[in-house]
Structure formats: C-alpha cells, structure tokens
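Subject: Structure for your files

Hello,

Here is the structure I said I would pass on. My notes on what turned up in it follow below.

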Amino acid sequence: MANSKLRLDLSRRSFLAAAGAFGTVGAALPRMALSQDGTVLTLRSYSDLQVLDPAFRLSLPEDDIIRSIFAPLVIPQAGDIWGWKPIAVDSIEQLDDVTVSFKLKDNIGFTDGYGQMTAEDVKFSIERIADPAMESPYAGDWAALKHVEVKDKLSGLIHLNNKFVPLWTTTLPTPASCILSKKAMMELGDKITTKPVAQSGQYLLADWQPKQKTILRRNPDWAHEPGGFEEIHVIPIEDPATAERGFEAGDLDYTWTSVSSLPRLKENPPAGSVVLEKPSLAYVWLGINQDAEPFTDVRIRRAVQHAIDRQTVVDAAYFGAASVGNGIIAPGLPGSRDSVTYDYDPDKARALLAEAGATDLSVTLDILNQSERLTAAQVIQANLAEVGINCEIKQNDSGTFWTLGSKDGDYFMKLQLVLSRFSMQPDPSWATVWFTPEQVGVWNWERFDNADYKALHDQGLVESDHSKRDEIYKKMQGIMDESGCYVFLTHEVVGAIHRETIAPGLKPNGESLFSEFRPA
Amino acid sequence: MLNYTIKRLALAVVIVSVAMFLLFSMIYLIPGDPAAVALGPRATEAMREALRIKMGLDQPVWVQFWNFFANAWTGDLGREVLSERPVSHVVMEQLPFTLALIAGGITWSVALGIPLGCWAAVKRGSWADRVVGVLSVAVIAVPSFVVAIYALLIFAVTLRWLPAIGAGEPGSAGDQLIHLILPSLAVGLGWVGYIARMVRASMLEVLEAQHIRTARAFGLPDRMITYQYALTIAILPTITLLGVGIGQMLSSAVFAEIVFARPGVGKLVYDAILTRNYPLVTGAVLVTTVLFVLINLVADLLIGALDPRVRSRF
C-alpha cells in the first residue's frame, strides 16, 4: 500500500513541481562564499592574464599566477614585515658581496614530462632574463649578474659583477627568480604567452577562460608545503566598485577595495567579513615641468609648492583614509621622511610670484581620469587660484596620460603641471630611479636633471648599511624639494576585504600572494 | 524580391567599407603610443621601437590601412599585440557572451513591450493606457548603466537572489542563464518602453482599419481580432525598430559587461582602447559592425518578405 502511494506521488508532474520548488527555494537562499567548504578560493585580480613568461610579464596579477605555477627560488614573505621565504630552494645565502649560493629542493618536477628541476634550469632561467638579446623589460632586475655557476645537480652559485643591495628585496622575491625548464623553453624557442609549458609550482594552471576566469589547481606532484586551497579562481575585474559589489553579493572571497570605499566598509563591514587597511608603497605627487614656461623660473615652482595645502588635497581625495606623504619613499623603508622642506604658506607663494614678476598666470594640470585624481586636482586648482594662478584641469584616459611627458611625443614641452602616481617595490632605489637624468623625457616628466642626485642614486645601489642608505635617500629627496619640481602628496593606503573563513596571504603593502592564502 | 535583396546586400557592403575607413582613421587620431602602453615603464626605447615595427606602426598610414583593409576582407584581422593570439580568435571567444546578452535584452523587451503595447492600445484612454505611457517614457529615460547598478544592488547585493559578477560556468546552461538575467534586464529594459510605445501606436492605427471593422461587424471575438488580425500587421514596424535597437544594445552591452564583470566584445574593445591595442580594437569593432549590418539586413529582408508594399518600392 505504502509503495503504491509512493509511486503515485512520484508522477512526472509532481516530480517537476518538486524540482521547480527546490529550484526556487535554492535561488532564494542567501548565496554563500565558495571557500566555505575549504576547497575553492575565489578572488579578484584587476586585469586578465596576457603573458605568463617571467621575463615579459605585464601586471601584478600575472606575477601572482606566474609565482604559483613556476616555482621561484623565493617569494615575498606574507605579513607586516618585508622579507622573503624559500620555495624551490632548501637553502640560499649571500656568501660575500658578489656571490650567492643556493641548493634546490630535491624533488621538484616539471609537468609535461620535462623531469626534475636542476641547477642547470636555474642558470638558464636567470641568465635568460639578464641576456640583452632577450630584450626583457626585467633585465634590470639582474643588471648586476655576472653568471650562474652550476656546482652539481641541485646546487650552484650566483655571481654578481658588483654588490647589489636590492637583490634580496626586489629581485629574488619577484618572478625574476621563477625557474623554467631549460629543455622545455629550448623546444618552445620563444616566450611563453598564455599557454604555460613545464609548470612546477604549488599550483598548476588548470583553465583560462579569457576575460572571465583563471583556475589554478593544486599541483598533485608538489611534495612540499601545499597551497591552501584545492582551487583558486581568479576573476579579472578592473573596476573596484564592481568587485566590492561582487564581494557583498557573495561571489568573491577576497578583493582589493577602492580607498574611497574604505571608510564605509570599515564602519559597516558586510557580515562575516574582515576589512583590512595596509600601508601602500605607492607615491602620489604634483609634478612641475621645469623646462615649460612659466616654470623655468624656480621662484614660480617654489610658489606652487607653498600654495598647495597638501593635507586638504589628501583629505578631500581619499575621504580621510590616507595620510600626507613627504616624499617618494614609503614609511618603513630606508629614506622615508617625516617632513618636506616647504610648508603651506599662501603669503609666501604670493611673495615669490611677485618677486618673479609673474602676474595673471594661467597654467594647465594634466591628470588621469579617475575620481580621486580629479578631486585632488580640484583642490589644487582652488589653492592656486588663491595665490592668483588660474589652473585648467585636463583629464586624460590612461592610454594618453602615460605618454604625455614622453620625448617621443610632441606634448612634453607643453606639459606644465601633472598629477602622477607611481608604485614601487620595497627598495628605495625603485622610487629614485625614475627621476635620474637618463629618465628625462622617459618617466621623469618634470625634466629634473641633477648630477648630485644621480651620484647618490648609484651610491645607494651598493650601500648595504641601513643608516647610510637612509641618509642617502633622504638627501636625494631634499634635492628634489629644492628643485621646486615636486609637491609630494601621499603614499595612499591599500584597502582589502575578505571572508572570515580565509586567512589572506598579503605582502606588507597589501599586494596578494595567491599561494599564501589559507583557510582560517 | 531578388532585386530588393541584391540592393540591400550592396548597401551593406558599402556601409561596412565606410565603417572600416572611419574606424581606422579614428583610432589613429587618438593620442598615445601603443608600444609604450603595452610594454610598461621598464621597457627600453629599443624594445618600444621593436614593438612599433612589429605592429606595423613604422609604415605610412595609408599602407597600414591598405594592409588592414585587404586582410580584413579575407578574414585575417591580425594578431593581438601582447599574447600574439589571432584577433579573430580573441573576438570570437567573446562574441557569444555579447550575443547572449543582446538576445536576453531582446527577450526582455519583446516579452514585456509587446503585451504592454497591445494592452495600452486595447484600453486606449484608460488609466492602464496612461500608466503604460508613463512607465514607457520612464524606462526609456533611465540609462542602462543606472538600471544595471540598481538591479545589481537590489537583486544581487541586498536580496542575494542572483549573482553579481561573471557569466556562469562554461558548460552549465542553467548557471549561464542565471548570470544573464540581470545584465540582460539592464540592456533590454529601455527597449521595453520603445517597443510598447511603437506597438501601441501601430495597433491604434491598425485597429481603425477597414478589415478590422469588418471583422468586428462579423462578430469575431475581440481577442482573435487583436492578436490574430491586428497584431500581425502592427508588429511589422517593431521588427525594424529591433534591428536598430540591437545596435543600441551593443553599446549598452559595454556598461553591462563592466558593471557585471562579464566577458564580452564591449569590454574587450574598452580594454583594448585603453591599452591602445590597435589590432584588437579594429578587429572587434569590425566584427560588431558587420554583425550590426547583417542584423539590419535580415530585418530589412524580413520586412520585405512580410510586406509586399516594401518590396514593390525596389
């Protein structure tokens, strides 16, 4: 009897009705973060991958994927202190100023049948980036390299031409130390684009859906500390607001946030999530082209320095989330400063303008068309108006903006004021290098040209004493102040948000390290 | 009909050729060095120059245009600058997402717009007619990106009924359909208003026609007169409108693709313009132009097939 009742209940119509009901209920239930079962981590990157070759990578998200699929010698250490952590090596140490020894772990294999990783692969991978014939944009990372000596199957020595202090901060802990299979690369005969060959990392690239998703899957043959998740799904979302909505809707487990959203998110974080605020290494400044009229007169440049209320500019642009910066080197690094040599003093600005005989000045300020930049530019415009300088703001899309000061174009001599932002690696030389005389018309758009500055930059590259480096880089920023070409604004902050169920692996500046994410 | 078809095809070829010329001219007027943008700050001048040569930017503009034009007619859209993948391959990967989005938008606009327009016409002068009129203008006036943002905030963030980002798992039609609901609503909602107003106006005209009066005089049911006799005629201008509407939806798709982080041709072109990836911009815009022209061609041919008066003019 019971059986016949059951049979009646399971008619086609009732089955469809039940399925429909389950579907409706399922759709109506709050959607959950995928990582809650501990197997899949879904996070956002700001761009899709285009090149997976360590020698030709284009963006930070690619760095993360490359580091995950091609085992590097070391990676940056996750946490609040800059450092590094060994990945492919059992040991690596500096023997003297120009020699580094390494010994690989014994059982790291390449996929696709390319065998075990050896010291010969290390020699090939490092010398490949340094080789001028390769024309790698990252050749400078290994600029001091003499050669790599193979001692035996797993050991070798990295010989340098000269002492190179950034080696341990901005060369080894980057994809510049990722090891490729020599055999696979010789067979490929070209650079890697979007199809990796002979992967060796904690994760493998399982699938790439262009503009949609990159799936990294744990490498089953990785015999060392495993990645924290079975799969990492990397979703390319350029717009931070879209990513924030995606997080709030439960579609992401981790994302960077825009600085302007930080106060709102900190005050009212989505349920089950943690909002992070990390110091950034970036630096934002108002640049003044010293070769463009009327700024050829240093008194007018100085007048601009005194006219800008930096605190108000930063408060307005970043909603109080960021602090005023005093140079190009972020707090925590050698050379970071507590103050600049010019203060906000409109009277002094007016006096300098009068002394220079400048009246009814009209200038242009070029910016990238982003909301924070526009707000900052509008405050600068108001500040300049107070001292009698009429300022027109010119917004540019990124493709145009990044060529404004280039000597190859025809705009560089018309460029007067420019609001810029650069990011950097955790070594002060990464900030100072862009303002050397060689960079005039390349990335030095202020056309600041100072031989003492250049000499100090070169000195900083070989000086390993922390306090001496601190002194060198402070002196360099002092020279920048004196030139009148720079008004330093902020180092910004980095905002991020993640589920309570995960422990994100982040560098001290908030940049992600995919392979270091773990379930909480 | 053959004459009509040949003339429409010839016109389509001319439109595509002019579009190619304008497109090529426009992108070369935009300031910015694609090699510098593509290679980033650490590239040397020699590297940038090598890339310019590789992209053919060292050649005179007319040579570049001729190469582009000649290759495009053979289906070769060149190679993407950085990944070096064929542009046609990159565009075709993204095209289905945009087509699905537009199909979804059309579904929303037709499924809601036609019944609302009919209802308003049948209830002419009533409160229902006035409400439909106000709603139609309201949805036409709201930009698609505003619809996208509000739909996302309400249905994805607050209610969590639908996903906020992505296009769904490949191979899972159900998941892809769920991911399509909000973006297609954003793209299609404005067209609900256009279609409702168009159908209402056409219906009012047709409902006054002799044959409809005759049908009424014979005592045929209202439902049959409205949907079987009047709507089949009143729907014709809507087909033309949809042909144009698809072009508009292609531009709205850019916003929907950005707001919902969906893959698609709109976002592909947007990203490519920002990075001055010329081969990708030209290839993707050319494909969408051809698509738009083809859709309008189909709409024209459909109208010609359905309405002998149109055919007789050619």
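Chain A has an open sheet of four strands in the order β4-β5-β7-β6, with antiparallel pairing. At its edges stand β4 (89-96) and β6 (145-150) of chain A, each of which pairs on one side only. From one strand to the next the twist averages 15°. Inside this sheet, β5 (residues 99-104) and β7 (residues 155-160) of chain A run antiparallel and are joined by five bridges; F102(A) stands opposite G156(A) in β7(A). Helix α4 (residues 119-130) of chain A packs on the sheet and touches β5, β6 and β7 of chain A. The direction of α4(A) makes about 165° with that of β6(A). Please bear in mind that this is a predicted model.

Two other strand pairs in chain A are worth a look. Strands β8 (residues 203-209) and β9 (residues 213-218) of chain A pair in the antiparallel sense over six bridges, and W208(A) stands opposite T214(A) in β9(A). The hairpin they form has three residues between the strands, and there K211(A) takes a positive phi near 65°.

The other pair is β13 (residues 283-288) of chain A with β17(A), antiparallel and joined by four bridges. Here W285(A) stands opposite F488(A) in β17(A). Strand β17 (residues 486-490) of chain A is largely enclosed by the rest of the structure, because five of its five residues are buried.

On the α8(B) side the residues are V199(B), S202(B), M203(B), V206(B) and L207(B), and they meet A230(B), L231(B), I233(B) and A234(B) in α10(B). By class, the residues of this contact are eight nonpolar, one polar and no charged.

Last, the contact between the chains: 40 residues of chain B are in contact with 36 residues of chain A. On the chain B side, α2 (34-39), α3 (45-54), α5 (87-122), α7 (144-158), α11 (236-259) and α12 (265-274) each supply at least two residues. The largest share, four residues, comes from α12(B). This side of chain B has 27 nonpolar, six polar and seven charged residues.

Regards

Notes:
Residues are numbered from 1 along each chain as its sequence is written. Chains are lettered from A and ligands numbered from 1 in the order in which they are written. This is a predicted model: local features need pLDDT of at least 70, side-chain atom pairs count only at pLDDT 80 or more; totals for chains, interfaces and linings use all residues. Two residues are in contact if their C-beta atoms, placed from the backbone, lie within 7 Å. Ala, Val, Leu, Ile, Met, Phe, Trp, Tyr, Cys and Pro count as nonpolar, Asp, Glu, Lys and Arg as charged, and the others, Gly among them, as polar. Two strands pair if DSSP finds at least two bridges between them. A residue is buried if 20 or more other C-beta atoms lie within 10 Å of its own, exposed if 12 or fewer, and partly exposed in between; C-beta atoms are placed from the backbone. Axes are lines fitted to C-alpha atoms, for helices over the stretch in contact, and angles run from 0 to 180 degrees between N-to-C directions.
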